[in-house]
Amino acid sequence: DKTLKVLTDRLQNEITREKALECFAVLAESPLNIDISSVVNKVIEEGAGFLKKSSASLRVTAATTLTSVVCKSEAIKKVNEKLLVSLIQQCAEYVSDQDLHLCALITTLLTEMVNKSEVIDKKGNL
């Protein structure tokens with residue numbers, strides 16, 4: 001739990017945020033089933049904010065991490081439903097032909113959210 005808080009703090013630092021996002025993606029995809037539910041709301045909130053940044057690599061890393069976190073059903077159960085609705089609305093802005101690589105990643109993220117809809121439905125009305 002202390003490690004998760006340190007990684008969450010690293011999301012605030014401009015130099016370390018990209019690597020911190022990558023670490024959260026690795027933790028979410030880990031076969032060890034590491035519980036990231038204590039920080040999942042903060043990770044999704046920060047990741048969604050990074051999608052708005054001008055750095056292309058940060059946007060790609062944020063989209064990849066968000067997809068990994070959404071895929072981890074244990075963590076997705078702990079996410080605030082208003083945060084998920086906000087994320088879906090924000091993702092709609094990136095489904096365009098301006099950045100096709102990001103568009104593909106966002107489409108994957110939205111697909112994973114739909115695939116997890118039965119998990120989300122138990123929590124809220126998405």
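Trainee: In which helix do Lys 19 and Glu 22 lie, and how many residues apart are they?

Mentor: Both are in helix α2, three residues apart, about one turn of the helix; helices here are DSSP runs of H or I with at least four residues, numbered from the N terminus. Please note that this is a predicted model, in which local features need pLDDT of at least 70, side-chain atom pairs count only at pLDDT 80 or more, and totals for chains, interfaces and linings use all residues. Residues are numbered from 1 along each chain as its sequence is written, and side-chain values use heavy atoms, with hydrogens and water left out.

Trainee: What do Lys 19 and Glu 22 form, and how far apart are the closest N and O atoms?

Mentor: They form a salt bridge, with those atoms 3.1 Å apart. The term requires a side-chain nitrogen of Lys or Arg within 4 Å of a carboxyl oxygen of Asp or Glu.

Trainee: How many salt bridges does the structure hold?

Mentor: It holds three. Glu 46 and Lys 42 meet in one of them, at 3.1 Å from N to O, and both lie in helix α3, four residues apart. An α-helix has 3.6 residues a turn, so residues three or four places apart point the same way.

Trainee: And what is the partner of Arg 59?

Mentor: Arg 59 pairs with Asp 99, the closest N and O atoms being 3.4 Å apart. This pair links distant parts of the chain, since Arg 59 is in helix α4 and Asp 99 is in the loop between α6 and α7, 40 residues away.

Trainee: Is Arg 59 buried or exposed?

Mentor: Arg 59 counts as buried because its relative accessibility is 15%. Buried means under 20% relative accessible area, exposed over 50%, and partly exposed in between, using a 1.4 Å probe and protein chains only. Asp 99, at 24%, is partly exposed.

Trainee: Changing topic, which residues of α6 are buried?

Mentor: They are Leu 83, Leu 84, Leu 87, Gln 90 and Cys 91. Because they cover an arc of only 125° around the axis, they lie on the same side of α6; the arc is taken from the directions from the helix axis to the C-beta atoms.

Trainee: What does the face turned away from that side carry?

Mentor: That face of α6 carries the exposed residues Lys 82 and Gln 89.

Trainee: Finally, which residue caps the N-terminal end of α6?

Mentor: Asn 80 does, with a side-chain oxygen 2.9 Å from the backbone nitrogen of Lys 82.

Notes. Helix = DSSP H or I, 4+ residues; strand = E, 2+ residues; numbered from the N terminus. Polar contact = N/O pair within 3.5 Å; in protein donor to acceptor, adjacent residues only side chain to side chain.
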